[in-house]
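Here's a quick briefing to read with the model open beside you. Keep the viewer handy, as the notes hop between the fold, the core and a few individual residues.

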Amino acid sequence: MFIWFTTVIIFNHEALDTNSGYDTSTGRFTVPSGQAGKYFFSGGIQMRNDNADLRIIFEVNGNFNIGTHHSVLNHSSACKAMSGSKVLNLAAGDYVELY
């Protein structure tokens with residue numbers, strides 16, 4: 001039996017957001033009006049656990065989108081890390097959250 005713990009990842013700053021679509025209080029990026037198009041998202045996680053199954057999930061408008069998955073079982077290192085990125089074709093008003 002697997003128990004999944006998911007949480008939205010909230011970054012307190014951005015590398016590039018020319019139209020101020022990212023909200024640092026919610027972790028949600030919302031496409032500004034008139035700015036539909038392709039967007040690049042990237043994020044990473046790190047955790048300390050000897051038995052861990054890590055996933056990075058991009059959700060669009062509250063719906064699961066293809067993410068990155070990496071299993072680490074009985075690994076000798078006490079610290080696991082991974083990163084993922086995704087290019088998404090978004091319409092104005094769409095929002096993206098990273099889990």
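One cut-off first: a residue counts as buried when its relative accessible area is under 20%. Glu-97 comes in at 9%, so it counts as buried. Bear in mind that this is a predicted model. The chain has 99 residues, and 29% of them are buried.

**Overall make-up**

- Among contacts with a separation of 6 or more, 61% are between residues 24 or more positions apart.
- The chain exposes about 6700 Å², with carbon and sulfur atoms supplying 52% of that area.

- E1 and E2 (residues 28–30) run antiparallel and are joined by 2 bridges.
- Across that pairing, Tyr-22 stands opposite Phe-29 in E2.

**The nonpolar core**

- Which residues have the most contacts inside the largest nonpolar core? They are Phe-29, Tyr-39, Phe-41, Leu-88, Leu-90 and Val-96, in a core of 14 residues.
- Strands E3 (37–48), E5 (58–60), E8 (79–90) and E9 (95–98) each put in at least two residues of this core.
- E8 gives the largest share, with 3 residues.
- Leu-90 is a handy one to click on: leaving aside neighbours within four places in sequence, Leu-90 is in contact with Val-31, Ala-36, Gly-37, Tyr-39, Phe-41, Val-60 and Val-96.

- Glu-97 sits in strand E9, and its 9% relative accessibility is what makes it count as buried.
- What surrounds Glu-97, not counting residues up to four places away in sequence? Glu-97 touches Val-8, Gly-27, Arg-28, Ile-57, Phe-58 and Glu-59.
- The side chains of Glu-97 and Tyr-99 are joined by a polar contact of 3.5 Å.

**Where the chain ends meet**

- Thr-7 belongs to the segment before E1 and counts as exposed, at 54% relative accessibility.
- How far apart are the C-alpha atoms of Thr-7 and Tyr-99? They are separated by 5.4 Å, although the two residues are 92 residues apart along the chain.
- Setting aside neighbours within four places in sequence, Thr-7 is in contact with Leu-98 and Tyr-99.

**Backbone angles worth a look**

- As background, most residues other than glycine have a negative phi.
- Ser-20 is not a glycine, yet has a positive phi of about 55 degrees.
- Ser-20 lies in the segment before E1 and is exposed, with a relative accessible area of 64%.
- Asn-61 also has a positive phi, near 55 degrees, and is a residue other than glycine.
- Asn-61 is found in the loop between E5 and E6, where its relative accessibility of 31% makes it count as partly exposed.

Technical notes
Residues are numbered from 1 along each chain as its sequence is written. This is a predicted model: local features need pLDDT of at least 70, side-chain atom pairs count only at pLDDT 80 or more; totals for chains, interfaces and linings use all residues. Side-chain values use heavy atoms; hydrogens and water are left out. A nonpolar core is a set of buried Ala, Val, Leu, Ile, Met, Phe, Trp, Tyr and Cys residues joined through side-chain atoms within 4.5 Å. Buried means under 20% relative accessible area, exposed over 50%, partly exposed in between (1.4 Å probe, protein chains only). Helices (H or I, at least four residues) and strands (E, at least two) are DSSP runs, numbered from the N terminus. Contact means heavy atoms within 4.5 Å. A polar contact is a pair of N or O atoms within 3.5 Å; within protein, one must be able to donate a hydrogen and the other to accept it, and residues adjacent in sequence count only if both atoms are side-chain atoms. Two strands pair if DSSP finds at least two bridges between them. Accessible areas come from the Shrake-Rupley method with a 1.4 Å probe; for residues, only the protein chains shown count as cover.
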